[in-house]
Amino acid sequence: MVKISCEVTNCSHNKTGVCYANCVDIVGSSALKDYDTCCGSFLNKLHYAELTNNTLSSGSCDCLKCTVENCSFNSNHLCTLGNIKVSGDHAEYHTQTECDSFKLTK
C-alpha cells in the first residue's frame, strides 16, 4: 500500500504520484489549517536529480514522521494514517507544499 500519495510532480522523490523518499517529515508545529503544514522532505527536481531509487527499503516511502502537534493523526511524532496526500503544484520550496490529510485536533 502506498503510504504517501504525492501531487508535487516536480519533487525529486515523486514517481508517478508516489513518494519514494527514504523517510518523509511533515512539518508545521502550530498548524491550524492544512496550508500551515508542509513536506520538509521536498527536493526540487530543478536542483536535485531524480531520487526515486529508495535504497533503505523496497518500494515507496514507508516512514512518515510528523511534527504537526495539532493534527489528530499525530501520535508521538508519527502519523497514524495508512495513507496521506501531499500537494503543491509547481512548488519551488518545501513551504509551498502541504499535507492535505491534516485534521485539526478538537
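**Reading side-chain contacts and strand pairing**

Mentor: Begin with one atom pair: the backbone nitrogen of C39 is 2.8 Å from a polar atom of the T97 side chain. This is a predicted model, in which local features need pLDDT of at least 70 and side-chain atom pairs count only at pLDDT 80 or more, while totals for chains, interfaces and linings use all residues. Residues are numbered from 1 along each chain as its sequence is written, and side-chain values use heavy atoms, with hydrogens and water left out.

Trainee: What is a polar contact?

Mentor: A polar contact is a pair of N or O atoms within 3.5 Å; within protein, one must be able to donate a hydrogen and the other to accept it, and residues adjacent in sequence count only if both atoms are side-chain atoms. The T97 side chain also reaches the backbone oxygen of H94, at 2.7 Å.

Trainee: Is T97 buried or exposed?

Mentor: Buried means under 20% relative accessible area, exposed over 50%, and partly exposed in between (1.4 Å probe, protein chains only). T97 has a relative accessible area of 2%, so T97 is buried.

Trainee: Which residues does T97 touch?

Mentor: A contact means heavy atoms within 4.5 Å. Leaving out residues up to four places away in sequence, T97 touches V8, T37, C38, C39, F42, V86, S87, G88 and A91.

Trainee: Where does T97 lie?

Mentor: Strands are DSSP runs (E, at least two residues), numbered from the N terminus. T97 sits in the loop between strand 9 (84–87) and strand 10 (98–99).

Trainee: How many bridges join strand 9 to strand 10?

Mentor: Two strands pair if DSSP finds at least two bridges between them. Strand 9 and strand 10 run antiparallel and are joined by 2 bridges; V86 has C99 as its bridge partner in strand 10. Strand 9 also pairs with strand 1, in the parallel sense over 3 bridges. There, C6 has V86 as its bridge partner.

Trainee: Where is N10, and why does N10 count as buried?

Mentor: N10 is in the loop between strand 1 (4–6) and strand 2 (14–15). N10 counts as buried because its relative accessibility is 18%. A polar atom of the N10 side chain lies 2.5 Å from the backbone oxygen of A91. With residues up to four places away in sequence left out, the residues that N10 touches include F42, G88 and A91.

Trainee: Which class does H47 fall in, buried or exposed?

Mentor: H47 has a relative accessible area of 63%, so H47 is exposed. H47 is in the loop between strand 5 (38–39) and strand 6 (64–66).

Technical notes: Helix = DSSP H or I, 4+ residues; strand = E, 2+ residues; numbered from the N terminus.
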